[in-house]
Amino acid sequence: MSVRSVALAAVLIAAAAAGPGLAAAEQQTTVSEDSFPLYPYPQQVITGETTLDPGTEIAVEIVSRDSSSPFVYKRDVKVQPNGTFVAQFDMSRVSANTSYTLSAYDDGDKLYERNGTVEECESNCTDATAAAEPGVAAKQQATVSEDSFPLYPYPQQVITGETTLESGTEMTVRLVSEDASSPFLKQREVRVQPNGTFVAQFDMSKVPANTSYELSAHADGDTLFERIGTVEQCDSNCTDPVPDIKTPTETDSDEKVVTVSQGGTAEIPVSMTDGRNKTLSVGSEAVNYQINATVTDGDDDGEVLVLFDTAAAGTDAETLSVADDGDSLTVTTTEPTLSSTLDPAAYTYRVFDSRETDDTPTTGTLLIEANETANEEFEVEETAEFGFEESVSRVQQGDTGRIPIVLTTADAATISIGSPASNYEINATVRDGNDDDRVVLLFDTTAAGHDEPTLETAADADAVAVESGSEVALDSQLAAGSYELSLYRGTDVASQPDAIGTLMITDGTNSTADASSDGVDSVTGETPAAQQSQDAGLGISAGALVVGAILAIAGVGICLRSIMN
């Protein structure tokens with residue numbers, strides 16, 4: 001026993017001398033001195049170099065070390081072909097003279113760490129070199145129209161902009177909450193129109209006013225633009241109109257424009273002279289509505305007349321059908337659920353010569369004209385969306401908390417609790433075993449970081465499987481604080497979660513609901529870092545390692561003295 005204690009003491013002393021949680025990987029990454037100092041201004045750019053492979057994704061984090069001004073900023077960036085990386089932060093809500101820790105991580109391993117202080121600035125200290133840095137040049141490829149702002153807590157909020165990307169390029173427009181008390185993630189896949197514009201429509205009706213957010217656009221892994229804003233109050237109806245969408249040039253001589261009143265049924269003729277099976281696609285990601293179907297000419301008359309019911313679009317009712325009994329139609333890509341009648345606009349429809357959609361189509365336009373009475377007759381039964389049933393799950397330290405997850409049609413979901421910044425993380429896959437489309441996950445705060453099972457399901461039929469080695473080991477009770485919840489559809493973890501939330505663990509000795517307990521600073525609006533050591537690795541601070549080493553040596557002395565006596 002004494003030999004084991006001596007060995008443990010030696011390990012602890014060596015670990016303490018090596019530094020708090022930084023492995024040899026620290027030498028792989030350096031940050032340019034041009035990145036400092038940081039100022040309380042919107043565009044603060046961190047640049048650096050690394051020996052990691054190009055394309056590797058690293059997390060750059062800035063965490064407050066000042067309890068009077070808590071905040072956590074995180075950016076996921078990719079290593080560029082020349083070995084550099086760039087991370088841009090909005091520090092405008094951080095007070096000058098606030099101390100912070102800047103860190104970089106690769107798959108949970110700490111690559112770099114540096115302490116600093118946000119300095120005063122007497123002029124405009126926005127970093128003007130951001131667009132010139134490697135990896136950020138793509139920001140110049142897209143701009144957002146000022147007519148898109150402000151955003152209001154209403155269903156139809158439209159983001160429009162222009163880009164130099166090629167027509168048809170797919171973009172992701174994303175809105176992410178920066179307020180821990182009201183977390184959300186909304187994203188739309190859109191395509192660049194022939195005139196270089198793009199349109200993304202969001203339902204913000206469930207987002208409270210005064211919630212801060214980050215708006216960004218991405219294409220093929222590159223960030224095209226980022227902008228910070230706040231959802232504003234609205235005293236009237238602040239639903240945005242949907243702008244006109246320019247359609248592609250017709251691919252044959254006859255112009256095909258089908259006009260229908262909103263709420264009516266359109267007749268779309270599909271020529272079948274050169275085949276019995278074709279694919280019809282109505283709409284696109286750019287207008288946030290699309291439905292695909294395979295049509296078959298059963299009576300061999302050379303044409304299928306497809307009926308498009310605009311009143312049924314986005315509901316459980318049948319949107320597409322055929323006019324002739326001999327013909328048939330099978331929906332291959334289901335439409336999204338809509339909260340109101342399909343908006344009056346010009347929708348592109350495309351006809352492909354086979355069941356595949358990878359060849360050049362014949363195109364036309366479905367023009368839906370406005371009808372003021374259409375929305376009054378439209379009713380949609382609300383259905384739960386994939387994600388967290390509650391955006392914030394609360395539990396007192398020492399108790400077991402409940403995290404309700406809505407799976408809808410997903411067979412499984414992958415959840416990540418915590419992050420490197422909070423010094424605790426666990427990843428798991430949940431499955432619905434009783435076919436109720438949901439799983440209630442139980443999180444045992446006492447078992448977290450220890451040998452006992454941390455996660456279980458409330459229903460015996462449901463299942464949870466913790467990813468091997470994903471849970472961070474703790475030498476004490478899990479600290480009170482805010483822990484990120486990220487949910488991914490299926491068993492694979494994508495670059496961005498499908499839903500986000502917050503697990504709030506309150507102090508077991510003080511459960512009073514005040515500004516400090518909800519994890520949001522009343523002045524900055526930022527989420528405080530969990531009150532645990534900021535070191536990674538074993539989750540033990542340098543001070544704890546030294547004290548542990550001394551206690552271990554002291555234990556050896558006591559043990560030897562007992563034997564001698």
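**Confidence, a sheet and ring contacts**

The model is predicted, and the mean pLDDT of the protein is 77, with 76% of its residues reaching 70 or more. Over residues 510-565 the pLDDT is below 50, although this stretch has 97 contacts in the model beyond near neighbours in sequence. Where pLDDT is low, the predicted coordinates should not be read in detail.

Consider next an open sheet of four strands, in the order β4-β3-β6-β7, with antiparallel pairing. Strands β4 (72-78) and β7 (109-117) form its edges, each pairing on one side only. On average, neighbouring strands of this sheet are turned by 15° against each other, direction ignored. Strand β3 (residues 57-64) runs antiparallel to β4 and is joined to it by seven bridges; Glu57 stands opposite Lys78 in β4.

Tyr289 and Phe308 form one that is edge-to-face, at 6.3 Å centre to centre and 90° between the planes. Tyr289 belongs to strand β18 (residues 289-296) and Phe308 to strand β19 (residues 303-309), 19 residues apart, and both residues are buried. The rings of Tyr424 and Tyr483 have centres 6.4 Å apart and planes at 85°, so this pair is also edge-to-face. Because Tyr424 lies in strand β28 (residues 424-431) and Tyr483 in strand β32 (residues 481-489), the pair ties together parts 59 residues apart in sequence. Ring pairs link Tyr424, Phe443 and Tyr483 into a cluster.

Notes
Residues numbered from 1 in each chain as written. Predicted model: local features only at pLDDT ≥ 70, side-chain atom pairs only at ≥ 80, totals over all residues. Heavy atoms only, no water. Pairing = 2+ DSSP bridges. Helix = DSSP H or I, 4+ residues; strand = E, 2+ residues; numbered from the N terminus. Axes fitted to C-alpha atoms, helices over the stretch in contact; angles between N-to-C directions. pLDDT = per-residue confidence, 0-100. Contact = heavy atoms within 4.5 Å. Phe/Tyr/Trp six-rings, centres within 6.5 Å; stacked < 30°, edge-to-face > 60°. Buried < 20%, exposed > 50% of the residue type's maximum accessible area, 1.4 Å probe, protein only.
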